[in-house]
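Open the model in your viewer and keep the selection tool at hand. We will go stop by stop.

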Amino acid sequence: MAVERTLSIIKPGAVAKNLIGNIINRFEEHGLRIIAARMIHLTQEQAQAFYAIHRERPFFPELVAYMTESPFIALVLEGENAIARNRELMGPTDPSKAAPGTIRGDFGKSITRNTVHGSDAPETAVTEIAFFFSHVDLFPRAR
């Protein structure tokens, strides 16, 4: 198995509900190490740039509005198969289709206002991590 890095975002709604610790605990319980963390409040321009891949989709304006309404937590997670492990912990984007015990299944409200984001591939992870963090912000650590 490969050690990977992935970006994880605890979105504004989850931060507002004080779910930060609960969500981070799930990552750590499943062998993911936090090697960078930051609370961020994006401008509209920053949110549009980060989610540019979705620009043509009908939910884009609502997503940008949600991600700019208040701060969120950006994390870099590291571990064996971190991308797949994080996506499994999150569950499907639609909380109504997410199993109990997944982050979205337990805390999500809707597709556009779900609780977390995670990179979907190694190439995406590199780009997404670089959007929020410089290499000097990353602190790999042993178990």
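How many nonpolar, polar and charged residues does the lining of the largest pocket have, by class? The lining has 10 nonpolar, nine polar and five charged residues. Keep in mind throughout that this is a predicted model.

**Stop 1: the largest pocket**

Select Tyr51, Ile53, His54, His117 and Glu128. Of the 24 residues that line the largest pocket, these five lie nearest its centre. The volume of this pocket is about 610 Å³. Now colour α3 (44–50), β4 (116–118) and α7 (122–132); these are the elements that give two or more residues to the lining. Helix α7 supplies the largest share, four residues.

**Stop 2: strand β3**

Select residues 72–80. This is strand β3, and it is mostly covered, with eight of its nine residues buried. Two partners come next.

Strands β1 and β3 pair in the antiparallel sense, over eight bridges. Ile10 stands opposite Ile73 in β3. Ser8 stands opposite Leu75 in β3.

Show Arg33 and Glu78: Arg33 stands opposite Glu78 in β3.

**Stop 3**

Why is β1 described as largely enclosed by the rest of the structure? Six of its eight residues are buried, so the rest of the structure largely encloses it. The cut-off for buried is under 20% relative accessible area.

Strands β1 and β4 run antiparallel and are joined by three bridges. Return to Ile10: its bridge partner in β4 is Val116, while in β3 Ile10 stands opposite Ile73.

As you look along these strands, remember one rule. In a regular strand the side chains alternate between the two faces of the sheet.

**Stop 4: the nonpolar cores**

Select Ile9, Phe72, Phe132 and Phe133. These residues have the most contacts inside the largest nonpolar core, which has 23 residues. The elements that give two or more residues to this core are β1, β2, α3, α4 (60–68), β3 and α7. Helix α4 gives the most, with five residues.

Zoom in on Phe132. Which residues does Phe132 touch, not counting residues up to four places away in sequence? They are Leu7, Ile9, Arg38, Ile40, Leu42, Phe50, Phe72 and Ala74. Next, show Ala14, Ile23, Ala82 and Phe107. They are among the 18 residues of a second, separate core.

**Stop 5: Leu89**

Select residues 82–90. This is helix α5, and Leu89 lies in it. Is Leu89 buried or exposed? Leu89 counts as buried because its relative accessibility is 10%, and the cut-off is under 20%.

Show the neighbours of Leu89. Leaving out residues up to four places away in sequence, Leu89 touches Arg26, Phe27, His30, Leu32, Thr102 and Ile103.

Terms used. Residues are numbered from 1 along each chain as its sequence is written. This is a predicted model: local features need pLDDT of at least 70, side-chain atom pairs count only at pLDDT 80 or more; totals for chains, interfaces and linings use all residues. Side-chain values use heavy atoms; hydrogens and water are left out. On a 1 Å grid over the protein atoms alone, a cavity is a set of points where a 1.4 Å probe fits but cannot get out, and a pocket is an open set with protein on both sides within 12 Å along at least five of seven lines; lining residues have an atom within 4 Å of a point. Grid points are joined across faces, edges and corners, and a volume is the space filled by probe spheres set on the points. Ala, Val, Leu, Ile, Met, Phe, Trp, Tyr, Cys and Pro count as nonpolar, Asp, Glu, Lys and Arg as charged, and the others, Gly among them, as polar. Buried means under 20% relative accessible area, exposed over 50%, partly exposed in between (1.4 Å probe, protein chains only). Contact means heavy atoms within 4.5 Å. Two strands pair if DSSP finds at least two bridges between them. A nonpolar core is a set of buried Ala, Val, Leu, Ile, Met, Phe, Trp, Tyr and Cys residues joined through side-chain atoms within 4.5 Å.
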